Amino acid sequence: VLGFSTLTRPSSLYVLFIYLFIAFIKEWKQKISKRFALILCCFLLYPLILSPWIIRNHKTFNIMKLSYIDTINLIYFTGAGAIAVKNNLTLEEAKAEIANTYNVPTYTQFMNYLLEEKTYSDFDKKLRKLQLEIPLSNFKYLVISSIKGLGITSIAHSTGEYAYILR
């Protein structure tokens, strides 16, 4: 079940480790061979379920990973959020500033790489090098934008109307 949930929402990839930790603690009184069998079973079945999708991504995009969304999120949303707070820009303006400053494709170009006559892996290689540099080089503003984002989403989720006040 966990493997299939990861195919639906890649963030559940981390749930495997939480599950194994809980199962390991819960089964502490069991024989070590039973605990080892549980861990081995999870680590063998989990990749077996995910591997067809990873192979498909390799054939389609020439990348060997589960999802490409991590790079996009870290650069064009997390990093752009920090830059937007730092320079008092909109998110779209911050995305454009990232493209200009770091000489990378714009968010629109990245999402429509086929129109640019480039391969996804061409864009991915260039952006992977920056995926931590952009958010972490603006760490103070990353923290501020994260807190601000949590406040906005909390209000928007609760009321649906008043989130614009915090912008």
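Here are some notes on the predicted model above, point by point.

1. **Ground rules.** This is a predicted model, where local features need pLDDT of at least 70, side-chain atom pairs count only at pLDDT 80 or more, and totals for chains, interfaces and linings use all residues. Residues are numbered from 1 along each chain as its sequence is written, and side-chain values use heavy atoms, with hydrogens and water left out.

2. **How confident is the predictor?** The average pLDDT (the predictor's confidence in each residue, from 0 to 100) is 80 for the chain, and 84% of the residues score at least 70. Helices here are DSSP runs of H or I with at least four residues, numbered from the N terminus.

3. **The core.** A nonpolar core is a set of buried Ala, Val, Leu, Ile, Met, Phe, Trp, Tyr and Cys residues joined through side-chain atoms within 4.5 Å. Buried means under 20% relative accessible area, exposed means over 50%, and partly exposed is in between (1.4 Å probe, protein chains only). The largest nonpolar core has 18 residues, and Ile75, Tyr76, Ile98 and Phe110 touch the most other members. H4, H5 and H7 are the elements that give two or more residues to this core, and H4 gives the most, with six.

4. **A look at Ile98.** Which residues does isoleucine 98 touch, not counting those up to four places away in sequence? Its contacts (heavy atoms within 4.5 Å) are Ile75, Gly79, Ala80, Ile83, Asn103, Val104 and Ile134.

5. **Salt bridges, part one.** The structure holds three salt bridges, each a side-chain nitrogen of Lys or Arg within 4 Å of a carboxyl oxygen of Asp or Glu. One joins aspartate 124 to lysine 65, with the closest N and O atoms 3.3 Å apart. Aspartate 124 sits in helix H7 (residues 120-128) and lysine 65 in the loop between helix H3 (32-61) and helix H4 (69-87), so this pair ties together parts 59 residues apart in sequence. Aspartate 124 is buried, at 6% relative accessibility, and lysine 65 is buried too, at 15%.

6. **Salt bridges, part two.** Arginine 128 also pairs with aspartate 124, at 3.5 Å between the closest N and O atoms. These two are four residues apart in helix H7, so about one helical turn separates them. Arginine 128 is partly exposed, at 27% relative accessibility. Through shared partners, Lys65, Asp124 and Arg128 form one network of salt bridges.

7. **Salt bridges, part three.** Lysine 95 and glutamate 92 meet at 3.3 Å, N to O. They are three residues apart in helix H5 (residues 91-102), so the separation is about one helical turn. Is each end buried or exposed? Lysine 95 is buried, at 5% relative accessibility, whereas glutamate 92 is exposed, at 52%.

8. **Helix H9.** Serine 145 lies in helix H9 and is buried, at 15% relative accessibility. Setting aside neighbours within four places in sequence, serine 145 is in contact with Gly81, Ala82 and Val85.
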